[in-house]
Structure formats: C-alpha cells, structure tokens
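I opened my notebook to keep a record of what I look up here, one entry at a time. I want each entry to stay with what can be read from the model.

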Amino acid sequence: VIVGQVVDSTGVAVADARVSAYASSGVTAATTDPFGSFVLADLAAGDVHLFVDPVEPGLLDEWFGGSATLANSTPVVIDGPGAFVAVGKVVARPASSVSGQVTDDLGEPLLFTKVTATPSGPGASQSVHTATNGSYTLTGLRPGSYVVSFESGILRPPWSGPAGVFY
C-alpha cells in the first residue's frame, strides 16, 4: 500500500488528481480526495513508479521525484506483501508560460503565425498560432531552456531566436 497527498507549490491540497502506480505487475490508479490524499493498494513487491496528473490547469503532470520521464523518476520500493509506504506530500509544480506579440519590420502584427517552443533537453515541442493582433501565449511549459521559433504564413523564411530560460 502506498499513501500520500498531492499538494501545489503553496501547500494547498490538489483534489481530483490522478495518481498512477506503474510496477512490473501492471498499473494501479487512484484519484485524490478533497484533501489531496490518495491510497494505492494491492501492489506487488518491487519498484513502483508513481505518475501524478493534477488535472488542474497550470500544474505539471510528472513522475514522482519531479521527473518528466519514467527513466528519471524516483522509484518507491514495496518490500513485500502487505508493506505500507507513506510517500508524504507530492508537490504538483506550476507550469511556465511564454507570451508575446509577433510583428513585421513596420511594427504591424502578423496574424496566424505559428509559434513553437522546443525544449533544449528532452520533451515535446508546443505550438500555437498568433491571434489577429499578433499575440500568442504558450502555456504548460516545464521549467527549462527553450528555443522559440516563428513560422509565418506570408512566405517569409522561418526565424529562430536564442534559447530562453523560463521559470
């Protein structure tokens, strides 16, 4: 049995988060109660990797230990049948975002320009298109370095800016 509580970075409980336990015997999942508490039962002995999906907008889904990948997650060890492990508070970290406005050399907004944030390390790229005023917001980004690129629909070559660091 693994018990714990999912909280945000300010210590507030995260209700309705999905907590999944991945083990060699399969996957077991639970949903947090209004106090952020969860119980994962019927787990076989061995290493168990927990994945937390807070569902709440603005919070990152990630593996136990703050990892974006299973390979880098911190395992919880179940010693044997009937073992009880309290993992304590699992912090759902806030996601980062980047926003701005894309304009041409005359300062006019470029609408429907594709804006892509590509992480310098592992992870998936995220893209949005600018609004009619050239504005964009990319949300749900993991903290780290990104290259932000712009691809206009008006036959201009794609442009990539220097890597930025978002917190």
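I began with Asp 61 and Arg 142, whose side chains meet in a salt bridge with an N to O distance of 3.4 Å. I then looked up where the two residues sit: Asp 61 is in the loop between β5 (46–53) and β6 (62–63), and Arg 142 is in the loop between β12 (135–141) and β13 (144–151), so this pair ties together parts that are 81 residues apart in sequence. I note that the model is a predicted one.

Next I checked how open the two partners are. Asp 61 is partly exposed, with a relative accessible area of 32%, and Arg 142 is also partly exposed, with a value of 23%.

**Entry: the other salt bridges**

How many salt bridges does the structure hold? I find 3 salt bridges in the structure.

Glu 62 forms one of them with Arg 93, and here the closest N and O atoms are 2.9 Å apart. This pair links distant parts of the chain, since Glu 62 is in strand β6 while Arg 93 is in the loop between β8 (85–92) and β9 (96–101), 31 residues apart.

Glu 62 also meets Arg 142 through their side chains, in a salt bridge of 3.5 Å from N to O. Again the pair links distant parts of the chain, with Glu 62 in strand β6 and Arg 142 in the loop between β12 and β13, 80 residues apart.

Is Glu 62 buried or exposed? Glu 62 has 4% relative accessibility, and because the cut-off for buried is under 20%, Glu 62 counts as buried.

**Entry: the chain as a whole**

I stepped back to look at the whole protein, which has 0 helices and 15 strands. Its C-alpha atoms fill a box of roughly 70 × 30 × 20 Å along the principal axes. The radius of gyration is 20 Å, whereas a compact globule of 167 residues would have one near 15 Å.

Of the 167 residues, 36% count as buried. The accessible surface comes to about 9,200 Å², and 56% of this surface belongs to carbon and sulfur atoms. When I take the contacts between residues at least 6 apart in sequence, 55% of them join residues at least 24 apart.

I also looked up the charges: the protein has 6 positive and 14 negative side chains, and the centres of the two sets lie 4 Å apart.

I picked Lys 114, which is found in strand β10 (residues 114–119) and is partly exposed, with a relative accessible area of 32%. Which residues is Lys 114 in contact with, leaving aside its neighbours within four places in sequence? The contacts of Lys 114 are Ser 127, Val 128, His 129, Ser 149, Phe 150 and Glu 151. For a distance, I took Lys 114 and Ser 73, which are 41 residues apart in sequence and 33 Å apart in space, from C-alpha to C-alpha.

I then turned to Gly 88, whose place is in strand β8 and which is partly exposed at 33% relative accessible area. Not counting residues up to four places away in sequence, Gly 88 touches Val 3, Gly 4 and Gln 5. Gly 88 and Ser 25 are 63 residues apart in sequence, and their C-alpha atoms lie 24 Å apart in space.

**Entry: two backbone angles**

My last search was for backbone angles, with one rule kept in mind. Most residues other than glycine have a negative phi.

Asp 42 has a phi near 60 degrees, a positive value in a residue other than glycine. Asp 42 is found in the loop between β4 (37–40) and β5, and it is exposed, with a relative accessible area of 76%.

Val 55 has a positive phi as well, near 65 degrees. I placed Val 55 in the loop between β5 and β6, where it is exposed, with a relative accessible area of 56%.

Technical notes. Residues are numbered from 1 along each chain as its sequence is written. Side-chain values use heavy atoms; hydrogens and water are left out. A salt bridge is a side-chain nitrogen of Lys or Arg within 4 Å of a carboxyl oxygen of Asp or Glu. Helices (H or I, at least four residues) and strands (E, at least two) are DSSP runs, numbered from the N terminus. Buried means under 20% relative accessible area, exposed over 50%, partly exposed in between (1.4 Å probe, protein chains only). The radius of gyration is taken over C-alpha atoms; the globule rule is 2.2 Å times the number of residues to the power 0.38. Contact means heavy atoms within 4.5 Å. Accessible areas come from the Shrake-Rupley method with a 1.4 Å probe; for residues, only the protein chains shown count as cover. Lys and Arg count as positive and Asp and Glu as negative; His and the chain ends are not counted. The place of a charge is taken as NZ of Lys, CZ of Arg, CG of Asp or CD of Glu.
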